[in-house]
Structure formats: C-alpha cells, structure tokens
Amino acid sequence: MADTRRGGGGGGCCPPMDLLRSEPMQLVQIIIPMESAHLTVSYLGELGLLQFKDLNVEKSPFQRTYAAQIKKCGEMARKLRFFKDQMLKAGVSPSIKSTTGAKNNIDDLEGKLGDLEAELIEINANGDKLQRTYSELVEYKLVLHKAGEFFSSALSRATAQQRETESQHTGEESIETPLLSKKEISADPSKQIKLGFVAGLVPREKSMSFERMLFRATRGNVFLRQAVVDDPVIDPISGEKIEKNVFAVFYSGERAKNKILKICEAFGANRYPFTEDLEKQAQAITEVSGRLSELKTTIDAGLLHRSNLLRTIADQFEQWNLLVRKEKSIYHTLNMLSLDVTKKCLVAEGWSPVFATKQIQDALQRAAFDSNSQVGAIFQVLDSRESPPTYFRTNKFTSAFQEIVDAYGVARYQEANPGVFTVVTFPFLFAVMFGDWGHGICLLLATLYFIIREKKLSGQKLGDITEMTFGGRYVILMMALFSIYTGLIYNEFFSVPFELFGRSAYACRDLSCKDATTVGLIKVRDAYPFGVDPVWHGTRSELPFLNSLKMKMSILLGVAQMNLGIILSYFNAQFFRNGVNIWFQFIPQMIFLNSLFGYLSLLIIVKWSTGSQADLYHVMIYMFLSPTDELGENQLFPGQKTVQLVLLLLALVSVPWMLFPKPFLLKKQHQDRHQGQAYAPLQSTEESLQPETNHDSHDHEEFEFSEVFVHQLIHTIEFVLGAVSNTASYLRLWALSLAHSELSSVFYEKVLLLAWGFNNVIILIVGIIVFIFATVGVLLVMETLSAFLHALRLHWVEFQNKFYEGDGYKFYPFSFALVGEDDE
C-alpha cells in the first residue's frame with residue numbers, strides 16, 4: 001500500500017492523515033484518445049493514486065490489444081536477466097548511481113539490447129572455444145611430459161639391462177638370460193611383435209575402475225602405466241577442475257585397440273597423439289608451449305573486452321531494467337482498458353481517493369499536451385453500489401501498526417480502524433507482560449540502532465528476520481518505551497528494585513529486624529510516590545501481593561479494552577446510519593458486559609480504595625448462586641445486595657434483547673423496501689458509495705428469516721460466552737508478567753549473585769557471560785516474542801471481534817513506485 005510516498009503527513013498536496021476512517025473513494029471513468037493513451041497511463045503511474053479495473057476479464061492475455069508489446073517487453077526483460085547472470089558470474093555489480101539524465105526510447109533500447117546480447121553471446125562462445133582449446137593443450141603438454149617419462153625410463157632400463165647382459169657374456173647362462181640371442185631375433189623380422197599404445201588423461205576417481213575394465217576386456221593382454229598429475233586440471237568438456245592421472249596403455253592387435261578406445265570414451269578419458277621418437281616429443285612440447293602462451297594472451301584480451309562490455313552494461317542496467325518494468329506495467333494496464341466502438345479511444349474505469357481528483361485531472365491534461373493530442377481525456381465520476389477498496393494513508397511510524405491490523409483482515413470501507421488505538425494499546429499490553437525497565441532499555445538501544453541507520457538499511461538486502469525486525473522498528477520502539485514505564489511501576493531493573501522516586505514507606509521497628517525480610521517492618525512515612533514500594537521485593541509476601549495486584553489490574557485493563565471495542569461498534573452503526581445495531585446490539589452488549597465484569601472492576605477499585613478484606617471471588621460466585629443472601633463481611637458499600645440484584649436482572653434481560661428483536665425488524669425493513677414504502681431521494685455521489693453495514697440476508701432479493709435468526713442466535717451466544725472467556729483471557733497479562741519477573745529474578749540470584757559469592761575472578765567472568773547470554777536469549781528474544789504474540793491475540797480476538805468486520809480489500813493503485821519493488 002502506498003504510504004509515505006503520497007504524503008502521510010499533513011503538508012503538501014494531500015490532506016492531513018486520518019486513520020480512524022479510510023479515505024473516501026470514488027469510481028471514475030476516463031475516456032482516453034489512442035494517441036495519448038501510453039503517456040496518460042505513464043503519468044497516472046507516476047502519480048500512483050488510481051486503481052484500474054479490468055474491463056476485459058472475458059479475454060485471454062493473448063486476445064488483448066497490447067499482447068505483442070507485452071511479449072516484446074518480456075523478451076527485453078529476458079535479455080536483462082541474461083546480462084544480470086553474466087554480471088554475477090563476472091563479479092560486476094550494477095551501478096546504483098542515478099542516470100536519469102539520459103532518456104531512452106523503448107524501441108532504441110530494444111535494438112541496443114539485441115546488439116549487446118548478440119555481442120556478448122559471440123564473446124562467450126569464442127571464449128569458451130579458446131578456453132577448451134587451451135585446456136586440451138594443457139592436458140596434451142602433461143601427456144607429453146608424463147608419457148615421455150614412461151618411454152625414457154623404459155629406454156634407460158633397457159639400455160642398462162643390455163649392458164649388464166653384454167658384461168655377463170661369459171658363456172654362463174642364468175634364468176634371466178634370453179632364450180634367443182639378438183642376432184637370432186633380428187634374423188626373422190616376420191616373427192617380431194609390434195606393440196601399439198594409447199596415451200591420455202583419466203579422472204583420478206575413475207582410474208582404478210578404468211584399470212580393472214581394461215584388464216577384463218582384454219583378458220590381461222595389455223600393459224598400463226599411470227602417473228599422478230599433482231595439481232587439478234580444467235577438463236576441456238565440463239570446464240571444471242578435476243584431479244586426473246596420465247595413462248599409457250600398450251596393446252597388441254586391432255581388436256584390443258578398438259576395445260581400449262571404447263573404454264576410454266566410456267570413462268571420459270581424453271586421448272592425445274604421442275610418438276616414441278624423443279626428438280619429435282621435444283619438438284611437440286616446444287610447439288604446444290608456444291601455442292599455450294599465444295592462447296593465454298588471446299583469452300586475456302577476450303576477458304578484458306568482455307569485462308569492459310559488462311561494465312558498460314552495468315552502468316545503465318538499473319535504468320534499463322526500470323524502463324522495461326515500467327513499459328511492461330503500462331501495457332499490462334492498457335490491456336485492462338476497453339476499446340471504444342470507434343476504436344479511436346480507450347475507456348478506463350478505476351477507484352481513486354476523492355482528494356486525488358484534481359491531481360488526476362492535471363495528469364490527464366499534461367499527457368494530452370505532451371503527446372500533442374487534439375482531444376483531451378474525459379474524466380467523470382460514476383455512481384456505484386460496489387464496495388470501494390480501503391485506503392489508509394500511513395507513514396513510516398503508523399504503517400507497521402496498520403500491518404498488524406491488516407494481518408487479521410483489511411477493514412471494510414470506512415469502518416472504524418483499530419489501527420488508531422493499536423498504536424498505543426498494543427505496545428502497552430506488551431509492556432504489562434514485559435515490565436522491566438532494564439530490559440526495556442536494552443530493547444530501546446537495539447531499535448535505536450535501526451532507526452538511526454534506517455536510510456542506509458532501507459536500501460540494502462537484509463535477511464528475513466532482520467528485515468522483519470527493521471520493518472517493525474517503530475513498534476519495537478513503542479514497546480521499549482512502554483516497557484520502561486511499566487518497569488518503573490513494577491520497580492524492576494533486571495529484577496532488582498531501586499528507590500528512584502523517594503525512600504520506602506516502611507522501616508524496621510527496632511535494630512533486631514535489620515536482617516529480617518518478613519517481620520518487624522512498620523509504616524513510617526507516606527506511601528511510595530510511584531509504582532511498587534521497593535521493600536516488597538524479597539519478602540515472603542511479595543508473590544501473594546504482586547499476584548493480587550497484577551491479576552486485578554489485568555481484569556481492569558481487559559474490561560476497559562472490551563468496552564472500547566463495543567463503543568467503537570456504536571460509532572460504526574452511527575456512521576452507517578444503522579439504528580437497529582445501536583438499539584439491539586450496542587446497548588444490550590454494554591449492559592451485559594458491565595453488569596457482570598464492569599461491576600467486578602468497580603468492586604476491585606472500591607476494595608483498593610477502602611482497604612476492605614472482602615473476598616471478591618465469593619461475591620461474584622454467590623451473586624449468581626444466591627443473589628438474595630446477605631453479604632456479611634464481604635459487603636463493600638451500602639445497598640450492594642440491591643445493586644447486584646438489579647445488575648443480574650439487567651444481564652438476564654439483555655440476552656433476549658440481543659437475540660429476538662433484530663431478526664424481526666430486519667424482516668419488516670425488507671418487506672417495506674419491496675412494497676415501495678421506503679423510497680428516499682437519490683443520494684450524492686459520496687453518500688452512494690457507503691456500503692451496506694451488515695451481511696444480513698436483507699441485502700439479497702430473497703429474505704431467509706430462518707438464516708437471519710440462526711445467525712443472530714450464534715452471534716448472541718458467542719458474545720455471552722465470549723464475555724466470560726475474553727475476560728479470563730486477559731489474565732495472560734498477569735501470568736506472563738509473573739513469569740518474566742520470576743525468570744529475571746532466577747537469572748540474577750542463581751547465576752550472577754551465586755558467581756559473585758565465590759570470590760573468584762574466573763567464576764565471576766563466567767557467571768557474567770552466562771547471565772548476559774541467558775538474559776539476551778531467553779528474556780530479550782524468547783520472552784519478547786512470547787509477549788508480542790499474546791498481545792497480538794488480545795487485539796485480534798478479544799478487542800477486534802467486538803466491532804471489526806475486516807472483510808474489505810486493499811487499495812492497490814497503479815504506481816511505478818511499487819513496480820520497482822516487485823521481482824520478476
């Protein structure tokens with residue numbers, strides 16, 4: 001929803017912010033000449049105050065007028081995504097600097113993007129080809145070196161063996177003496193065996209399987225030599241760095257050769273030509289080294305050219321991307337417009353706030369003038385029975401609170417908005433459960449970091465949790481401030497009390513009670529001026545006292561907030577001129593709630609004021625079980641028995657008051673309306689947009705009395721039972737406040753004070769570290785989340801169900817400010 005961009009404050013073009021009722025909306029019709037349609041929609045997108053209705057719902061996307069233009073924009077968006085991927089791979093980031101000075105035409109941009117894509121694809125193809133050739137030559141050089149070592153080592157061993165044989169030419173024969181002499185062997189060349197060989201590289205992880213497969217396929221009639229390559233090499237096919245071994249396979253016969261070639265192919269082994277001649281080997285190594293240096297120079301030049309091209313694209317990438325997004329959104333919007341019969345005009349319909357009428361008309365005039373159109377656009381307001389969208393103008397402070405309400409349901413058009421009260425009541429109820437001014441200061445410091453750096457952080461990509469925390473920074477700020485306030489009332493600073501507002505009202509009767517915390521204290525001065533007296537902390541009666549205080553306080557807060565909800569239902573009924581809801585919903589609900597729980601709240605206040613020892617449980621229970629019995633010592637004021645009888649009678653009367661009259665009155669209204677007895681003058685445009693105030697069946701042609709009666713019966717039962725359960729639900733304020741206080745006390749006494757008592761520096765440091773981690777992890781994170789969720793439940797269920805329908809729909813204007821935020 002558009003917020004601060006359109007003036008959530010009070011100055012400028014927009015009227016002051018009013019969160020209690022949503023903005024008055026109007027259904028407008030704009031007839032736009034074809035020649036100025038594009039520019040008109042563009043200016044309306046910059047304004048961002050008009051939500052277009054789709055007038056071509058029956059048409060598929062491909063049947064619409066501007067389908068070709070959207071396809072063209074989609075193709076340009078694809079090219080931009082391709083550029084973005086290439087920039088990410090190259091480590092080039094798009095420039096954030098503003099380049100609004102250079103205006104781009106979308107047609108020129110289409111040609112430019114096409115040329116850049118073709119050039120980049122060609123550079124990538126050439127670079128891949130050169131890189132593959134370079135990788136093959138690197139592997140070839142390794143084969144020449146390693147396989148050359150095989151042959152040179154074999155030759156040196158053969159030469160040494162021959163010398164040894166000649167030196168032992170004494171006529172004595174041994175096991176190692178050849179059966180045939182050299183002369184005998186050379187005498188018959190036809191009997192010599194010619195061995196072939198294949199050299200190459202195989203991935204190291206496959207080398208053992210490769211060797212076994214060769215042995216099995218040739219039945220052991222091969223000789224394999226392998227040498228480990230120290231550093232990983234880039235594979236020419238996959239382009240990944242892989243650890244490899246150089247191999248040389250010696251074989252005999254064509255069948256063995258064919259098998260070896262197939263196995264090499266199956267195992268991804270790259271083969272390279274190799275010669276036995278040492279001179280040719282040296283010559284090949286020289287040639288390969290020369291070609292490698294040339295290729296390296298060529299590849300570096302190509303990478304530099306590619307990097308320069310990507311930097312050129314990066315400088316204008318954001319501008320191009322925004323332009324394409326805008327164009328695509330403009331054509332999407334134009335496709336929602338219907339063609340006039342003459343096919344010379346486009347007809348648009350949409351919702352806009354009433355205050356935006358002048359701004360929209362100004363935008364239409366500017367578009368007609370800038371597009372040199374002979375005819376201007378026609379703007380007119382339409383009457384409609386359709387319920388308008390809900391639009392609240394929020395700012396950066398109120399938007400998070402409004403989102404809390406909208407998560408439950410968007411307000412019906414112009415019904416009372418709980419967001420106004422949530423700004424105060426939500427952080428306050430949170431603080432009632434989280435009351436510790438030490439923890440509140442920690443929360444305040446954390447959120448001040450986000451608020452001080454909000455300009456910098458708002459333009460960055462944050463993690464999910466960090467982004468959620470940053471979005472609710474002002475909610476956390478209010479929660480922290482109220483926590484400090486309630487912490488001062490509870491007099492707790494990390495569970496430690498302080499005499500901040502004066503000295504304690506109690507003191508020891510004599511010196512014997514110096515070290516006592518349970519007996520011997522007497523009141524010596526006036527009551528502690530603000531909050532809980534610090535002397536209560538650490539006493540045996542601390543827990544019963546604070547339990548009683550917080551439990552009664554929870555009931556008072558709950559009854560007050562529920563009464564506020566019912567009062568807001570009155571203002572809703574009055575605003576929508578629904579007298580039935582005032583007389584037969586608001587009044588009986590107020591009577592029922594306050595006859596029981598309003599009376600309980602009054603008893604609590606009277607008991608606090610008088611210091612009475614009356615048992616309120618007993619009073620409330622026997623008010624129902626034995627209303628005529630005497631109260632005895634539980635009587636708080638004269639005439640209490642009579643008051644209770646009257647209140648009980650009023651509570652009983654209010655139930656049928658809620659249940660029976662409303663369905664019969666609705667039926668009578670329906671009959672009067674259809675018999676022509678309820679004619680009224682036509683309303684003005686603004687009044688005609690007020691929706692019907694309830695969902696009852698009298699809005700429809702057929703009135704089903706049974707359905708209306710059952711609906712009212714359910715509503716009455718829900719309210720009566722809810723009055724009890726909702727009041728009990730507010731006791732969570734007491735429970736969580738107690739849990740927070742006790743946890744804080746345990747961490748302080750059992751960790752920090754225990755470590756301090758050892759008089760050991762190391763143990764003290766460890767204790768402080770454990771205390772900090774426990775406080776942050778449990779109290780400042782888990783307890784904060786727990787209190788937040790409970791406060792959320794109290795607002796959604798106990799407060800909002802008294803008056804809030806929440807069945808509206810948000811105002812989503814066509815705005816370029818929102819286009820940039822959405823990802824493709």
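**Overall composition and local packing of the predicted chain**

The chain exposes about 45,400 Å², of which carbon and sulfur atoms supply 59%; accessible areas come from the Shrake-Rupley method with a 1.4 Å probe, and for residues only the protein chains shown count as cover. The model is predicted, so that local features need pLDDT of at least 70 and side-chain atom pairs count only at pLDDT 80 or more, whereas totals for chains, interfaces and linings use all residues. Residues are numbered from 1 along each chain as its sequence is written, and side-chain values use heavy atoms, with hydrogens and water left out.

Of the 824 residues in the chain, 42% are buried, a term that means under 20% relative accessible area, with exposed meaning over 50% and partly exposed in between (1.4 Å probe, protein chains only). The secondary structure comprises 24 helices and 13 strands; these are DSSP runs numbered from the N terminus, helices being H or I with at least four residues and strands E with at least two. Among contacts (heavy atoms within 4.5 Å) between residues at least 6 apart in sequence, 82% join residues at least 24 apart.

An open sheet of four strands has the order β4-β7-β3-β8, with antiparallel pairing. Strands β4 (223-228) and β8 (270-272) stand at the edges with a single partner strand each, so one side of each is left without a neighbour in the sheet. From one strand to the next, the twist averages 25°. In general, strands of a sheet pair through backbone hydrogen bonds, either parallel or antiparallel; here, two strands pair if DSSP finds at least two bridges between them. The antiparallel pairing of β4 with β7 (residues 244-251) extends over six bridges, and leucine 224 has valine 249 in β7 as its bridge partner.

Two helices are described against this sheet. Helix α5 (residues 207-218) packs on the sheet and touches β3, β4 and β7, its direction making about 170° with that of β4. Helix α3 lies across β3 (196-203), β4, β7 and β8, and runs at about 50° to β7. Axes are lines fitted to C-alpha atoms, for helices over the stretch in contact, and angles run from 0 to 180 degrees between N-to-C directions.

Phenylalanine 150 lies in helix α3 (residues 106-167). This phenylalanine 150 counts as buried because its relative accessibility is 6%. Residues up to four places away in sequence aside, phenylalanine 150 touches Arg225, Gln226, Ala227, Val246, Phe247 and Ala248. Phenylalanine 150 and phenylalanine 247 are 97 residues apart in sequence, and 9.5 Å separates them in space, C-alpha to C-alpha.

A further helix pair is formed by α15 (residues 542-575) and α21 (residues 705-729), which pack at an angle of about 145° with their axes 10 Å apart. In this pair, Ile555, Met562 and Ile566 of α15 meet Phe719, Ala723, Asn726 and Thr727 of α21. By class, the contact has five nonpolar, two polar and no charged residues; Ala, Val, Leu, Ile, Met, Phe, Trp, Tyr, Cys and Pro count as nonpolar, Asp, Glu, Lys and Arg as charged, and the others, Gly among them, as polar.

The loop between α14 (473-490) and β12 (506-508) contains asparagine 491, and serine 495 lies in the loop between α14 and β12 as well. Although not a glycine, asparagine 491 has a positive phi of about 60°; serine 495, also not a glycine, has a positive phi of about 75°. Asparagine 491 is buried, with a relative accessible area of 3%, and serine 495 counts as buried at 13% relative accessibility.
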